Amino acid sequence: MSLPAFSEDAGPASAPVPKPAEVLPMPRRPGRFATRSLALLRGVAGQVLPPVVTLAVILLLWQGLAGDAAGGLPAPATIWLESRELIVDPFFDRGGVDKGLFWHALTSLQRVAVGFSLSAVVGVALGVLVGSSRLAHRSLDPIFQVLRTVPPLAWLPISLAALHEANPSALFVIFITAIWPIVINTAVGVRNIPQDYVNVGRVLRLSPPEYFLTILLPAATPYIFTGLRIGVGMSWLAIVASEMLLGGVGVGFFIWDQYNASRISDIVVALVWVGLVGFGLDRLVALAGRIVSRGASAS
């Protein structure tokens, strides 16, 4: 048997060389800034879109139901046509009572600020007294429960008879309307202070001002600001109702004056202002409550 012919070109058998694996690029992850921005946009959209969509649906239904009817509640399109100047320029001032809604709302807010501040100071003080003393609770609580059921406008004739002037009478109506939820909620907060906190104050022999600032106020802050939020809402309701009867400048007077002039579209615009300002007051007091609560907890 002959051996196969030797070929110089033939080399030793070698394994096939594998091709390098194809490396796929990793997907880039969004940076922290992009992630936070996306989360913020989602949060804003979740808070803003639902009420905007609901408002749009209400306006469409309102427009469809009201239509072009001559009487009754005007449609949104009619309100825009008749009250465009009042909506676009709420800052005009032609003298007297011929002013934009901004100035009427500002006058009402000034009255609310004075009356509500007085009711807050007196209400918190009375609430602490009623919540701390059983004798004061038995003596004053039944009277408070009776007086708080009196409607705000029922106090107006009495205040006019006693004070003889419109502005002080409006302030009194605000004060007497807003004070009751502040007193009641403050008293509940004081009575719900844990007994361990009271015992600590006795062991440390804290003076009344020190006990109020370090123990009572931090523990009762949520209750106090709940009463303040209810009180500021009732103050805004009371001043609008009072101004309808007292006259002068103010949102309540503006609504009643436009009613006498049969300008229903202007009344609707004023009601929107009343709602927005009331919402802003509630949010402002709630923000103050969160700030005070954090400061009290930190201290």
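A residue counts as exposed when its relative accessible area is over 50%. What you have on screen is a predicted model.

Take arginine 205. Its relative accessibility is 76%, so arginine 205 counts as exposed. It sits in the loop between helix H8, residues 195–203, and helix H9, residues 208–246. Phi of arginine 205 is positive, about 55°, although the residue is not a glycine.

Histidine 164 is the other one. Phi there is near 65°, again a positive value in a residue other than glycine. Histidine 164 belongs to the loop that runs between helix H6, 156–163, and helix H7, 166–191. With a relative accessible area of 65%, histidine 164 is exposed.

Next, the surface of the model. Leu49, Val53, Val57, Leu61 and Leu65 make a nonpolar patch of about 520 Å². One of them, valine 57, is placed in helix H1, which covers residues 32–66. Valine 57 has 42% relative accessibility and therefore counts as partly exposed.

Last, the largest pocket. Its volume is about 320 Å³. Which residues lie nearest its centre? They are Ile79, Ile87, Val268, Val269 and Val272, out of 13 lining residues. By class, the lining has 13 nonpolar residues, with no polar and no charged ones. H1, helix H2 (76–82) and helix H11 (264–298) each supply at least two residues of that lining. H11 gives the most, with 5 residues.

Conventions:
Residues are numbered from 1 along each chain as its sequence is written. This is a predicted model: local features need pLDDT of at least 70, side-chain atom pairs count only at pLDDT 80 or more; totals for chains, interfaces and linings use all residues. Side-chain values use heavy atoms; hydrogens and water are left out. Patches are made of residues with over 30% relative accessible area and no salt bridge: like charges are joined within 9 Å, nonpolar side chains (Val, Leu, Ile, Met, Phe, Trp, Tyr) within 5 Å. Accessible areas come from the Shrake-Rupley method with a 1.4 Å probe; for residues, only the protein chains shown count as cover. A salt bridge is a side-chain nitrogen of Lys or Arg within 4 Å of a carboxyl oxygen of Asp or Glu. Helices (H or I, at least four residues) and strands (E, at least two) are DSSP runs, numbered from the N terminus. Buried means under 20% relative accessible area, exposed over 50%, partly exposed in between (1.4 Å probe, protein chains only). On a 1 Å grid over the protein atoms alone, a cavity is a set of points where a 1.4 Å probe fits but cannot get out, and a pocket is an open set with protein on both sides within 12 Å along at least five of seven lines; lining residues have an atom within 4 Å of a point. Grid points are joined across faces, edges and corners, and a volume is the space filled by probe spheres set on the points. Ala, Val, Leu, Ile, Met, Phe, Trp, Tyr, Cys and Pro count as nonpolar, Asp, Glu, Lys and Arg as charged, and the others, Gly among them, as polar.
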